[in-house]
Amino acid sequence: MCGLMAEKLRKYKFDTSSAARLSAAPASSSTVTRSRTTPPPLDSPEKMDAADLKAEILRSLRTDISEVIKSELKNALADDFNYLKNEMQAVKAEIINNTTAIHSEIDQMKTTIKEVESGLSTWSDEVNSLQTVVTDLKAEVTALKGKCKDLEGRMKRCNIRILGVAETDGSSSTGSMARLRREALHLEKDVLVDRSHRSLVPRRSDGKPRAIVAKLHYYQDAVEVLKRARTRAPLRFNGESIAIFPDYTSNVAKARAAFTEVRKLLHNRQGVRFGILFPARLRISHDGKEKEFTDAEEAKRYVKKNIISTEKD
């Protein structure tokens, strides 16, 4: 850029010196005449030529500088543009590669989802089938439980449970049961006892004797023994107070025990008869009406509303 400016200056210097020499010759020959005939100009030609030269040089410099700046800017912008173009192409290529990988993963996920959906459909059918089987099995188990409870209850129909007999040697034998029948129940009829034993629970720490379970051979004998035990209560044997009850299953015993509070409320009520039927049904007779309950709370509400409240009124 500086070399170009120097070249321009040399050009303009040569042009101005030549013009000065050409204009100097006629000026020397007619110096006397112009000085005599015309007044001197306000500005000399040399000054005017220098001003024009200066203006021309400035215009030329502006043009050259503008061209140089434009060229430099163009080159710089071209480099930056190429750099940006390369960067954008690299980013574009990376985006294309990533997009291809993403599409591949999406396709793979779609395939996996379809396989899972197919598997879930199969599993859903299997679950529905299993639910049907489980429902049937539940119903079957419930029926079997009922049958087992019924069979256990029927097996214990001929059993009686005796409480209060001291635990001594031979106190739970069949011979001891025959003596108890005669002394406590005053029953002279021969009662055939298949077997008898103490309940299988551990001995109590307070020394209270365990119950004796006796299996009678005939159901009618068991009914008669229980009836005689109720009519001749309280019973005594070997100087101790004893009690005789049916030998129910644990479930039946719990269900019957739930009516204990209601039975206490009905005890010694005039005009009221009540009893527990097998397996666990409370029958109440009052004012010529009979009601049966399998729910202890329902029976309790009925007694308080229809029997106890009417007696207070």
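What is the volume of the largest cavity? It comes to about 110 Å³, with volume taken as the space filled by probe spheres set on grid points that are joined across faces, edges and corners. This is a predicted model, so local features need pLDDT of at least 70 and side-chain atom pairs count only at pLDDT 80 or more, while totals for chains, interfaces and linings use all residues. Residues are numbered from 1 along each chain as its sequence is written, and side-chain values use heavy atoms, with hydrogens and water left out.

**The chain overall**

- The secondary structure comes to eight helices and eight strands; helices (H or I, at least four residues) and strands (E, at least two) are DSSP runs, numbered from the N terminus.
- Of the 313 residues, 21% count as buried, where buried means under 20% relative accessible area, exposed means over 50%, and partly exposed is in between (1.4 Å probe, protein chains only).
- Take the contacts (heavy atoms within 4.5 Å) with a separation of 6 or more: 56% of them come from residues 24 or more positions apart.

**Cavities**

- Searching the whole structure turns up three cavities of 30 Å³ or more.
- On a 1 Å grid over the protein atoms alone, a cavity is a set of points where a 1.4 Å probe fits but cannot get out; a pocket is an open set with protein on both sides within 12 Å along at least five of seven lines; and lining residues have an atom within 4 Å of a point.
- Around the largest cavity, the lining includes Ile 160, Ile 162, Met 177, Leu 180, Arg 181, Val 193, Leu 216 and Val 225.
- Strand S1 (159-163), helix H4 (174-183) and strand S3 (212-216) are the elements giving two or more residues to that lining, and H4 gives the most, with four.
- By type, the lining of the largest cavity has eleven nonpolar residues, no polar ones and one charged; here Ala, Val, Leu, Ile, Met, Phe, Trp, Tyr, Cys and Pro count as nonpolar, Asp, Glu, Lys and Arg as charged, and the others, Gly among them, as polar.

- H4 has Ser 176, Met 177, Leu 180 and Arg 181 as its buried residues.
- Those four sit on the same side of H4, because they cover an arc of only 145° around the axis, going by the directions from the helix axis to the C-beta atoms.
- Packed against the buried residues of H4 are S1, S2, S3, strand S4 (235-237) and S5.

**Ile 242**

- Ile 242 belongs to strand S5 (residues 240-246) and is buried, at 6% relative accessible area.
- Leaving out residues up to four places away in sequence, Ile 242 touches Leu 163, Gly 164, Val 165, Leu 180, Ala 184, Leu 235, Arg 236 and Phe 237.

**Salt bridges**

- The structure holds 13 salt bridges, each a side-chain nitrogen of Lys or Arg within 4 Å of a carboxyl oxygen of Asp or Glu.
- Asp 150 and Arg 154 pair up at 2.8 Å, N to O; both lie in helix H3 (residues 45-155), four residues apart, about one turn of the helix.
- Lys 189 bridges to Asp 221, with the closest N and O atoms 3.1 Å apart. Lys 189 is in the loop between H4 and strand S2 (193-198) and Asp 221 is in helix H5 (residues 219-231), so the pair ties together parts 32 residues apart in sequence.
- In that pair, Lys 189 is partly exposed at 41% relative accessibility, whereas Asp 221 is buried at 6%.
- Glu 292 and Arg 281 form another bridge, at 2.9 Å between the closest N and O atoms.
- A network of salt bridges links Glu 167, Arg 203 and Arg 210.

**The largest pocket**

- The largest pocket holds about 1500 Å³ of space.
- It is lined by 47 residues, of which Arg 230, Pro 246, Tyr 248, Arg 256 and Ile 276 are the closest to its centre.
- H5 supplies the largest share of this lining, seven residues; among the other elements supplying at least two are H3, helix H6 (250-257), helix H7 (260-266) and strand S6 (272-277).
- The pocket lining divides into 26 nonpolar, eight polar and 13 charged residues.
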